[in-house]
Structures are given as structure tokens and as C-alpha cells.
Amino acid sequence: MVLVGKNAITEALKSGKEIEKIMIVKDRAHSNISEILKIAGDKGIIKQYVPSSKLREVAGTDKNQGICAIVSEYNYYTIDQILDSAAKKGKAPFIMILDNLTDPHNFGAIIRTAELNDVDGIIIPKRNSVTINETVSKTAAGAIEYVKVCKVTNLNNAIEELKKKNVWIYGLDMNGETIYNQDLKGPIAIIVGNEGEGMRKSVRENCDFILSIPQYGKINSLNASVASGIAMYEASRQRNN
């Protein structure tokens, strides 16, 4: 997997992510990445200076800030690891579940917002869903190093497992009760559906509560990452008051 840009690479280095090598555009002043170069040097990570055309080819984009890193594939977490992480923090678990989300930019934005709101983990299905790739990592701007992502074979089975461990399941849908009238302080998982169809029927029926975000304009739907962000910030606001 390739990480692109200063922020993503800096956070990967600080978190201890296994980096195979860092590629840097040669014949360019590098004062703006001096911290990256120092940390990489301290860790003994290979630094390779390449022409801008080569970096563009590897990074897959011109918007690479002159640097990219080749890293090991992402190691997904388990539900138990997510719950254990929350327990070690002494807090009720706060989990996001993404039902067949397919847009990597939305996924990256959700990961970034999740990190800002101390979400303990994100659960995604193995099939018909975006997975962690270069686009997701770049959009997340380093947050992927701090948010536990779990990939499951069957989302409804995962929901049932969470229920057995006393986690309340909330689904976001246009026809639910307003999110601002719900108590989100306890152990919760919030489900967001995909960009076009929302939650699948079977997933919706497996929720304990259905929540909606009030809308006052003429368009009747929200972007998945925006809806997720609103839900996470409302839950975070309640949990930190």
C-alpha cells in the first residue's frame, strides 16, 4: 500500500507503522519534510530519491507533495479488540458501522472524523464495500493509524455479537426519530448505509433504534460522510458533557 503526502506519512511513522521505504523527489529542497526524514533516519527506513515522474507513477497522483511511502498492508482488527480498547480507556464503546459504503473518499473522511471524536472502531463488511487503500489513507490524513477498522464476513452477525455484549445499535435513516432526542451516552454502534440506497432492509430491521438528522432544505439526503460526521459529533457532544 502507498501512503501519499506529509501528514499521512508523519502519522504512520509516529504510530510505529511498518514502512518498507520512503520515496522522495530528488533535486528539490526538502526543508518542509525534515521531520519525516529525521524520523525515518532514526528508524533506519530506506529513503529513495527519484524523479518526479517516477514518484507520480508510484503515488498515482500529481498531488503528492513530493513524497510517498510504501507500507505493509493494513491489519484489520476484531470486534473484541475494539471493545477491549474501549474498556482499557474506561469508557463505554463507541463504534461506527458502515453498511456497504463504496466511496473511498467518504470512507477516508469518516475515519478522519472518527479519530477526532474518539470512536473506538469502525466495522465494515468484506463484500460490496470499500476497503482500506491508498485513496482512503490519503483522505484520512493519518487518522487510519489511530482508528481500529474491523472487516466482517456478515454484518448482521456482527451486530448480533455487539448486542450480546450490551451495545445498543442505532441506524441512520430519513424516517427515524431525530438524533437530538436520543441518549447516546452508553455503549453504542451507529450504522450508516451506502451512498445511494442507505441501509439494507435486513440491517435496518436489526437496529434497536432508527435515528434521523433533521433537514430543512429541498434535497432529501445527506452525503454519507457528512451524515456520519453529524452523528459522531452529536454522540461525542453528549458523551463529553
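Is Cys150 buried or exposed? With a relative accessibility of 3%, Cys150 counts as buried, since buried means under 20% relative accessible area, exposed means over 50%, and partly exposed is in between (1.4 Å probe, protein chains only).

## Before we start

This is a predicted model, so local features need pLDDT of at least 70 and side-chain atom pairs count only at pLDDT 80 or more, while totals for chains, interfaces and linings use all residues. Residues are numbered from 1 along each chain as its sequence is written, and side-chain values use heavy atoms, with hydrogens and water left out.

## The cysteines

A disulfide is a covalent bond between the sulfur atoms of two cysteines. Here the test is a pair of cysteine sulfur atoms within 2.5 Å, and the structure has zero of them. Take Cys150: it is in no disulfide, and the nearest cysteine sulfur, the one in Cys207, is 17 Å away. Cys68 is another buried residue, at 0% relative accessibility.

## Helix H7, one face in and one face out

Helices (H or I, at least four residues) and strands (E, at least two) are DSSP runs, numbered from the N terminus. Helix H7 covers residues 155-164, and its buried residues are Leu155, Asn156, Ala158, Ile159 and Leu162. Looking down the axis of H7, you'd find these buried residues within an arc of 155°, so they line one face of the helix. (The arc is that of the directions from the helix axis to the C-beta atoms.) On the face turned away from that buried side sit the exposed residues Asn157 and Lys164.

What caps the N-terminal end of H7? That's Asn154, with a side-chain oxygen 3.0 Å from the backbone nitrogen of Asn156.

After H7 comes Asn166, in the loop between H7 and E8. Asn166 isn't a glycine, yet its phi is positive, at about 65°. Asn166 is also exposed, with a relative accessible area of 58%.

Asp118 isn't a glycine either, and has a positive phi of about 55°. You'll find Asp118 in the loop between helix H5 (104-116) and strand E6 (121-125). Asp118 is partly exposed, with a relative accessible area of 39%.

## Strand E8 and its partners

Two strands pair if DSSP finds at least two bridges between them. Strand E8 (residues 168-178) runs parallel to strand E9 (residues 188-192), with four bridges joining them. In this pairing, Tyr170 has Ile190 of E9 as its bridge partner.

E8 also pairs in the parallel sense with strand E10 (residues 209-212), over five bridges. There, Leu172 stands opposite Leu211 in E10.

Terms used. Polar contact = N/O pair within 3.5 Å; in protein donor to acceptor, adjacent residues only side chain to side chain.
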